[in-house]
Amino acid sequence: MNAEIFNELVKNTKIGKKLPDAIYLHKDSLDRIDLTLKQFITAVGQALKIDGDNWNIIKLSRQDFRLSLLSYPSFFTESYPALTQSVTVDLSKLSHRVVEYNATENPPILHRKETMLYPEHPNYEEFQLITQEGESAGLYDNSRMIGYKQSWERLIEKHGYELIDGRLFRASSTITKDDNQPSIDRHKTAIVRHELSAPMKQLAKQGFLNGDYTIFDYGCGRGDDLTELQAHGLEAIGWDPNFKPEAEKVNSDLVNIGFVINVIEDQVERSEALLGAWHLTNKLLVVSAMLANDNYIAQFTPYKDGVITSRNTFQKYYAQAELKGYIERTLDENAITIAPGIFYVFKDKIEEQRFLSNRFKRHHTWQQLSSPEPTGEQQAKLLFVQHQELLKQFWETCLELGRLPVQDEFSLHEQIVTALGNSKKALKLMLQVQGERAKAEFETAIEMRREDLLVYFALCQFEQHKGYQHLPEELKRDIKVFFDTYKTALAEAKTLLYRIANTDEIEQACIEAHETLPASKLNSGHSLELHKKFLPQLPALLRVYVGAAIQLYGDLEEIDLIKIHITSGKVSFMGYDNFDTCPLPTLRERIKVKMWELDVDFFDYVDVEKRPPLLYKSQYQDESFGDYKKQRAFDKRMKKEDIFKFSETPNNLKEVYSSLNQNKLECRGYRVFTI
């Protein structure tokens, strides 16, 4: 069975609940579909060792090579049964994801059950009557918001009905508001911003605010982000229930729901907001919420699943993994970690693959070679000189791609054709005239790009991202050039990914990295520490190791140092105050990513006076750092004076200054003076 046959069989399936992207069938109806498709579904369940009693609804994708085995145990006993387990199988990459709903208070529920059965089924007419009751009551007028238990129950109540023994009856009385419930001042959560919000900064950083995309801000508050975006000529509009309630909700390429779900105290309304933003999304949804640990949350008054702040606003503080899980359960899509509390959810799967590929791609820096070496081929040299600027841009593109660019990858392609005939001749000329160094540089670019692709595919498998069948054309070209087949690329990437669990290999890679990196600190048998700017220079194995941790944590913009733990399956990210301008920067935050547990621990050093200092900063630097020479001289003086005689690292700057004072020394910036 391949994707083409699967899609054709699904297309020709005559029964079932048919939605734009999928068909739902009860297993009682499998005898009424094509035998090949039925046998394939059964074989998938057996291959995954899913007992036949643990699923009763099959969801067949109408566009992708994908199916889901769903468990609704109360299908025949409840009018609107709840989902207890979902097993989604991506057949294009032979992976699956299991989601349990037993513990959630707001699971997905099922409607129109009769559509999943064949008309002669004994329960067909009974289920059809239940559906007709709901239609008569107006419950299906807005089908987008009825898919979850609490939303459905609220809708029934709103329409003046009660659900008794699975059937709808007019409510006997109007439910009144509980006067003991506090009134929440939601409007106070909208803060005044004087710069772009963190989610919008991430979009700008990653090139999404280049004018090619329409933008909608769902819950825009006072509209400060919109004002800034519009000032740059971007097509950006928004809606907010308190400040712009009259604005229209419009489908857009990019939809941002920034720090909205964490201020909604009602869980049903919270889910409806997230689903509403997703419904408006054409390409990419950006979801963000506040993060906090238990110690911080403990200072507030508990309320529902969150707290009431001192300003009488509600806040639902999340843990990073909790927020990711909530988004994925609500939308049934993969959420990509971008930064703490910020996630991307792509509706456009080609855009998703393009983003993921570029995220871990290194960029080749052009190094001007010396003037053309004499080759005896004067015509070639003259041709090179004549088109030197054009060839320079062409060469930069070749180094960036690690291969020849096709027409749509090099904007001056027609000029190359006019001047030299075709791209192959242009590359041959460059290598011929520039000599051995150019050949070596191009070979290095080929190795780098192949390694980048392996890292990308390995990290995609770590996160189990969907949409591998929707590869952008440029990636298809890369696969053909560097791996020949997609299957080969995935096999090599999977091998690389599995190797991160081998502590011996990790240790050896750390030793080799320490010997080749411009600067790093190796704690033998324990860890390797380095500055984040050297991350692209790590071996592929360590790039995957750290990259997996980044996918769980997010962007490293506020991070300075990375610690790779050799034996424990952990990576730590450290952010320091004034790392680039201070000889003794102090630790502001430390994040420990536990990859074996898929968990993230945050440690904030709130008390400035108690922040631990970083000693001998120059061991993490090279001459590319602006303060390297001053820092090296400072560290050399500190070692000479034997300032840190105590065995343990000083707990704070006060201890450092005390030690200096005992040695009759004083620190002024990067200078140490005798007093």
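Is A292 buried, exposed or partly exposed? In this predicted model, A292 is partly exposed, with a relative accessible area of 22%, a value that falls in this class because buried residues lie under 20% and exposed ones over 50%. The residue belongs to the loop between β12 (281-288) and α8 (294-297).

Not counting residues up to four places away in sequence, A292 touches I297, Y317 and Y318. A292 and Q320 are 28 residues apart in sequence, while their C-alpha atoms are 8.9 Å apart in space.

## Two buried serines

S74 is found in the loop between β4 (66-71) and β5 (85-90), and with a relative accessibility of 14% this serine counts as buried. When residues up to four places away in sequence are not counted, S74 touches P81 and A82. From S74 to T84 there are 10 residues in sequence, and the C-alpha to C-alpha separation is 9.7 Å.

S357, by contrast in setting, is part of a helix, α10 (residues 349-359). S357 is buried at a relative accessible area of 6%, and, leaving aside its neighbours within four places in sequence, S357 is in contact with R449, Y456 and L475.

## The hairpin of β16 and β17

Strand β16 (residues 336-339) pairs with strand β17 (residues 342-346) in the antiparallel sense, over 3 bridges. Within this pairing, T337 stands opposite F343, a residue of β17. The hairpin has 2 residues between the strands, and G341 takes a positive phi near 80°.

In soluble globular proteins, nonpolar side chains tend to be buried together. The largest nonpolar core of this model has 85 residues, of which Y344, L538, I564 and F573 touch the most other members. Helix α19 (residues 540-553) gives the most to this core, contributing 11 residues. Apart from this core lies another, of 26 residues, with Y218, L274, L285 and Y326 among them.

Which residues are in contact with F573, leaving aside its neighbours within four places in sequence? The contacts of F573 include V546, A549, I550 and Y553, together with L556, I559, L561 and I562, and they also take in E589, R590, I591 and V593.

Key: Residues numbered from 1 in each chain as written. Predicted model: local features only at pLDDT ≥ 70, side-chain atom pairs only at ≥ 80, totals over all residues. Heavy atoms only, no water. Core = buried A, V, L, I, M, F, W, Y, C linked by side-chain atoms within 4.5 Å. Buried < 20%, exposed > 50% of the residue type's maximum accessible area, 1.4 Å probe, protein only. Helix = DSSP H or I, 4+ residues; strand = E, 2+ residues; numbered from the N terminus. Contact = heavy atoms within 4.5 Å. Pairing = 2+ DSSP bridges.
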